[in-house]
Amino acid sequence: MAGKRPISIGKLAERTGIAVSAIRFYEDKGLIRSIRNRGGHRRFLQADIRRVSFILIAQRLGFSLADIADQLATLPDGRNPTKADWDRISRRFGTVLDQRIAESTGQTPAELVALDEPYFRALEREHLEHILAEDDAHPVRVI
C-alpha cells in the first residue's frame with residue numbers, strides 16, 4: 001500500500017458505479033483482491049478503481065470473466081498499471097474484437113480493414129483508454 005491510502009468497499013463501489021455485492025463477486029472470482037484492516041473490513045487499492053472499470057468494459061464487450069482474469073493477471077500488484085500495461089491488454093483484446101467483427105460480418109479481417117470496420121473497435125479502445133487514464137482524484141463511472 002506504499003504511498004496511497006486504501007479505500008473502503010463502499011468507496012470503490014461509489015467510484016465505479018456498481019453495487020458492493022458486485023465488488024464482492026469480483027473478489028470471490030479472483031478479479032480483484034482486498035486486504036483486511038484490524039476490524040476485518042475490506043480495503044482496496046486506488047488501482048482497483050481502474051481494474052473494476054476495465055472489468056465492466058470488458059464484460060460489455062463480451063469477454064468472459066476467465067478472459068478478463070487472464071488479462072488482469074498480467075498487471076502489476078500494488079501499483080497503478082501504466083499506459084504500456086493497458087496498451088498491451090488493449091492490443092490483445094483488439095485482435096479478438098477484430099476477429100469477432102470479421103466472423104459476424106462474414107468477411108476476413110483484411111476485408112474489414114479495407115472497409116474501415118476497425119474504426120468501431122478503435123472507438124471502444126478510445127473509450128477504454130479514456131476511462132483507464134482518469135486521474136485518481138476524479139470519479140470513474142462506467143454505466
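Helices H1 (residues 9–16) and H3 (residues 47–60) pack at an angle of about 50°, with their axes 10 Å apart. The two helices are therefore oblique to each other. Their crossing is right-handed. This is a predicted model, in which local features need pLDDT of at least 70, side-chain atom pairs count only at pLDDT 80 or more, and totals for chains, interfaces and linings use all residues. Residues are numbered from 1 along each chain as its sequence is written, and side-chain values use heavy atoms, with hydrogens and water left out.

**Helix H1 against helix H3**

- The contact (heavy atoms within 4.5 Å) is made by Leu 12, Arg 15 and Thr 16 of H1 and by Asp 48, Ile 49, Val 52, Ser 53 and Leu 56 of H3.
- The residues of this contact of H1 with H3 divide into 4 nonpolar, 2 polar and 2 charged. Nonpolar covers Ala, Val, Leu, Ile, Met, Phe, Trp, Tyr, Cys and Pro; charged covers Asp, Glu, Lys and Arg; the others, Gly among them, are polar.
- Axes are lines fitted to C-alpha atoms, for helices over the stretch in contact, and angles run from 0 to 180 degrees between N-to-C directions.
- Angles under 35 degrees count as roughly parallel, over 145 as roughly antiparallel, 65 to 115 as roughly perpendicular and the rest as oblique.
- A crossing is right-handed if the near helix is turned clockwise from the far one by less than a right angle, and left-handed if anticlockwise.

- Thr 16 is buried, with a relative accessible area of 1%. Buried means under 20% relative accessible area, exposed over 50%, and partly exposed in between (1.4 Å probe, protein chains only).
- The side chain of Thr 16 reaches back to the backbone oxygen of Leu 12 at 2.8 Å.

**Helix H3 against helix H5**

- The axes of H3 and H5 come within 13 Å and cross at roughly 10°.
- That angle makes H3 roughly parallel to H5.
- Arg 50, Phe 54 and Ala 58 of H3 make the contact with Trp 86, Ile 89 and Phe 93 of H5.
- The residues of the contact of H3 with H5 divide into 5 nonpolar, no polar and 1 charged.

**Asp 77 in a loop**

- Asp 77 sits in the loop between helix H4 (65–72) and helix H5 (83–105).
- Asp 77 counts as exposed, at 56% relative accessibility.
- Leaving aside neighbours within four places in sequence, Asp 77 is in contact with Arg 33 and Arg 51.
- Asp 77 and Asp 48 are 29 residues apart in sequence, and their C-alpha atoms are 9.9 Å apart in space.

**Phe 44 in strand S3**

- Phe 44 lies in strand S3 (residues 42–44).
- Phe 44 counts as buried, at 0% relative accessibility.
- Beyond its neighbours within four places in sequence, Phe 44 has contacts that include Ile 7, Ile 9, Leu 12, Ile 23 and Arg 33.
- Phe 44 and Ile 9 are 35 residues apart along the chain, and their C-alpha atoms are separated by 6.8 Å.

**The chain as a whole**

- The protein chain has 7 helices and 3 strands. Helices (H or I, at least four residues) and strands (E, at least two) are DSSP runs, numbered from the N terminus.
- Read along the sequence, the pattern is β-α-α-β-β-α-α-α-α-α.
- Of the chain's 143 residues, 37% count as buried.
- Among contacts with a separation of 6 or more, 61% join residues 24 or more positions apart.

Terms used
Polar contact = N/O pair within 3.5 Å; in protein donor to acceptor, adjacent residues only side chain to side chain.
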